[in-house]
Amino acid sequence: MGDEWSSKKLKRWGLAGTFVALSGVLIWSGADLLVGKAISRYTPQIEKTLSNSLGHPLKIGAYRGLRPWGVALGRTKLLPGAKDSSSVNISTLTVKLAPLASLFNWQPVAIFNPKGTEIILTKNNKGSFWVLPPSDTSKSNNFYLRLNLKGSTKIVFNPGEKTLFAKGNIALNLAEKKIYGAISLNSKKQGSLYLSGKGYWDGLEFKAKARINKLKLDFLKIVLGNNSNIISNGNINGKINLAIENGFLKCKGDLTANNISLRGGVLREILS
């Protein structure tokens with residue numbers, strides 16, 4: 001008698017579990033379908049808003065399904081802008097909402113997790129790799145974006161020249177034109193550079209820390225451009241804190257140079 005009662009109880013639990021599982025699948029499938037339609041509907045508006053903030057046309061990839069607190073998207077691109085030819089190509093992109101962070105910051109917080117990312121930085125005729133649009137307070141975008149570069153991100157300077165690999169976290173407060181974060185740049189042949197800090201991208205005000213390891217100075221030619229006419233050799237190591245506040249430059253730290261030589265620009269002779 002007891003065995004029969006236990007058997008019936010197990011069957012009931014089994015049927016209940018099956019019902020719950022099927023209900024969960026149906027709810028998830030329905031939510032997935034609704035979210036897919038919503039993304040298709042609002043993608044043009046999102047692309048326009050972020051394109052205006054970043055200064056480059058954004059093309060969001062196809063919807064690839066729900067993820068915990070977010071969605072997965074296909075190949076996403078930032079195309080060359082009107083004032084520079086730099087671009088970004090992302091193989092897959094996961095976008096998540098952070099509800100607690102949104103409440104804490106009183107603005108929507110979105111977290112971007114890209115994979116298979118390639119950033120191509122090409123200087124324009126004014127020496128800038130990336131030109132952001134001027135600040136427009138009348139059309140402020142109240143978004144807080146977090147970019148997690150967990151996988152190695154490839155950064156190519158002036159295609160065919162130097163390549164670095166980046167890992168780190170970057171946050172953009174579009175409403176206040178602020179940037180925060182930390183990023184590690186590494187190249188087996190050029191050395192490595194770790195940067196962390198915060199500042200405003202539409203004004204010369206920031207605080208930053210840098211840790212430099214065997215960074216070769218010929219990399220300066222890429223940053224300064226051929227118009228600088230500076231030829232540099234050697235490498236540097238060290239730690240440095242750098243800030244610009246209220247128009248004043250603050251610098252603290254130490255640097256060690258090895259086999260350094262500079263020639264050209266304002267230098268009439270070789271400095272070594």
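**Note on salt bridges and nonpolar cores**

1. Glu245 has a relative accessibility of 22% and so counts as partly exposed, because the buried class ends under 20% relative accessible area. This value, like the others in this note, is computed from a predicted model.

2. The side chain of Glu245 takes part in a salt bridge with Lys207, with a nitrogen-to-oxygen distance of 3.3 Å. Since Glu245 belongs to strand E12 (residues 230–245) and Lys207 to strand E11 (residues 205–216), the pair ties together parts of the chain that are 38 residues apart in sequence. Lys207 is itself partly exposed, at a relative accessible area of 42%.

3. Glu245 also meets Lys250 in a salt bridge, here at 3.1 Å from N to O, and Lys250 is partly exposed with a relative accessible area of 46%.

4. The structure holds three salt bridges, and one of them is formed by the side chains of Lys154 and Glu118, at 3.8 Å from N to O. This pair links distant parts of the chain, with Lys154 in strand E7 (residues 144–157) and Glu118 in strand E6 (residues 109–121), 36 residues apart. Lys154 is partly exposed at 33% relative accessible area, and Glu118 is partly exposed at 28%.

5. Turning to the nonpolar residues, the largest nonpolar core has 35 residues, and those with the most contacts inside it are Leu145, Ile155, Phe157 and Leu185. Apart from this core lies another, made of five residues, among them Ala98, Val109, Tyr144 and Ala171.

Note on methods: Residues are numbered from 1 along each chain as its sequence is written. This is a predicted model: local features need pLDDT of at least 70, side-chain atom pairs count only at pLDDT 80 or more; totals for chains, interfaces and linings use all residues. Side-chain values use heavy atoms; hydrogens and water are left out. A nonpolar core is a set of buried Ala, Val, Leu, Ile, Met, Phe, Trp, Tyr and Cys residues joined through side-chain atoms within 4.5 Å. Buried means under 20% relative accessible area, exposed over 50%, partly exposed in between (1.4 Å probe, protein chains only). A salt bridge is a side-chain nitrogen of Lys or Arg within 4 Å of a carboxyl oxygen of Asp or Glu. Helices (H or I, at least four residues) and strands (E, at least two) are DSSP runs, numbered from the N terminus.
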